[in-house]
Amino acid sequence: MDNNFTCFFYGTLVFPQILKQVLNDGRKNTEPPINVEQIPATLKGYKRRKVIGTDYPAILKGDDLKDETRGVLIRGLSSQDIRRLDNFESHQYERKKIKVYIENEGTPIEAITYVWKDSPDLLDEKDWNSEEFEWSKFSDY
């Protein structure tokens with residue numbers, strides 16, 4: 001079983017409770033335990049926006065490299081974990097390979113993330129704020 005995928009998360013999946021719930025969906029006893037060690041990272045050239053009428057965000061390509069999205073990297077995910085993440089993310093997102101910067105390291109590393117592919121009109125003009133995220137919504141995940 002391969003455990004060599006690295007993912008960049010920037011929204012509700014930065015909360016370990018939600019990430020574990022998504023990754024445990026249908027998990028078999030034979031699969032290795034989930035390691036949700038978070039590594040702070042920054043994605044340059046993308047902006048994060050709140051999806052209108054929801055509690056979650058999306059990212060889309062920004063106008064220049066000044067646009068940045070802060071988030072976390074999780075390493076050691078399996079292909080089954082990636083399938084679970086694909087199922088969690090809706091048809092409005094597409095899985096993409098991107099390069100992110102770990103804090104205090106100059107060389108970017110390759111990771112997978114989910115980028116908004118639906119209409120930008122469905123996104124708010126302001127950034128999504130994790131502190132405003134409604135904790136009561138955890139039961140939705």
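Student: Where does asparagine 104 lie?

Tutor: In this predicted model, asparagine 104 sits in the loop that connects strand 6 and strand 7. Its phi is near 65°, which is a positive value in a residue other than glycine.

Student: Is asparagine 104 buried or exposed?

Tutor: Exposure is read from the relative accessible area, with values over 50% counting as exposed and values under 20% as buried. Asparagine 104 has a relative accessibility of 83%, and therefore counts as exposed.

Student: Which loop holds tyrosine 56, and how accessible is tyrosine 56?

Tutor: Tyrosine 56 belongs to the loop between strand 3 (46–50) and strand 4 (57–61), and with a relative accessible area of 29% it is partly exposed. The C-alpha atom of tyrosine 56 is separated by 16 Å from that of glutamine 21, the two residues being 35 residues apart along the chain.

Student: Which residues of helix 2 are buried, and where do they lie around the axis?

Tutor: The general idea is that an α-helix has 3.6 residues a turn, so residues three or four places apart point the same way. In helix 2 (residues 79–88), the buried residues are Asp81, Ile82, Arg84 and Leu85. Because they cover an arc of only 160° around the axis, they lie on the same side of helix 2. The elements against which these buried residues pack are strand 1, helix 1 (16–24), strand 5, strand 6 (93–102) and strand 7 (109–116).

Student: At what angle do helix 1 and helix 2 pack, and which residues make the contact?

Tutor: Two packed helices are described by the angle between their axes together with the distance between those axes. For helix 1 and helix 2 the angle is about 110°, and the axes are 8 Å apart, which means that helix 1 is roughly perpendicular to helix 2. Helix 1 contributes Leu19, Val22 and Leu23 to the contact, while helix 2 contributes Asp81, Arg84, Leu85 and Phe88.

Conventions:
Residues numbered from 1 in each chain as written. Predicted model: local features only at pLDDT ≥ 70, side-chain atom pairs only at ≥ 80, totals over all residues. Heavy atoms only, no water. Buried < 20%, exposed > 50% of the residue type's maximum accessible area, 1.4 Å probe, protein only. Helix = DSSP H or I, 4+ residues; strand = E, 2+ residues; numbered from the N terminus. Arc of directions from axis to C-beta. Contact = heavy atoms within 4.5 Å. Axes fitted to C-alpha atoms, helices over the stretch in contact; angles between N-to-C directions. Parallel < 35°, antiparallel > 145°, perpendicular 65-115°, else oblique.
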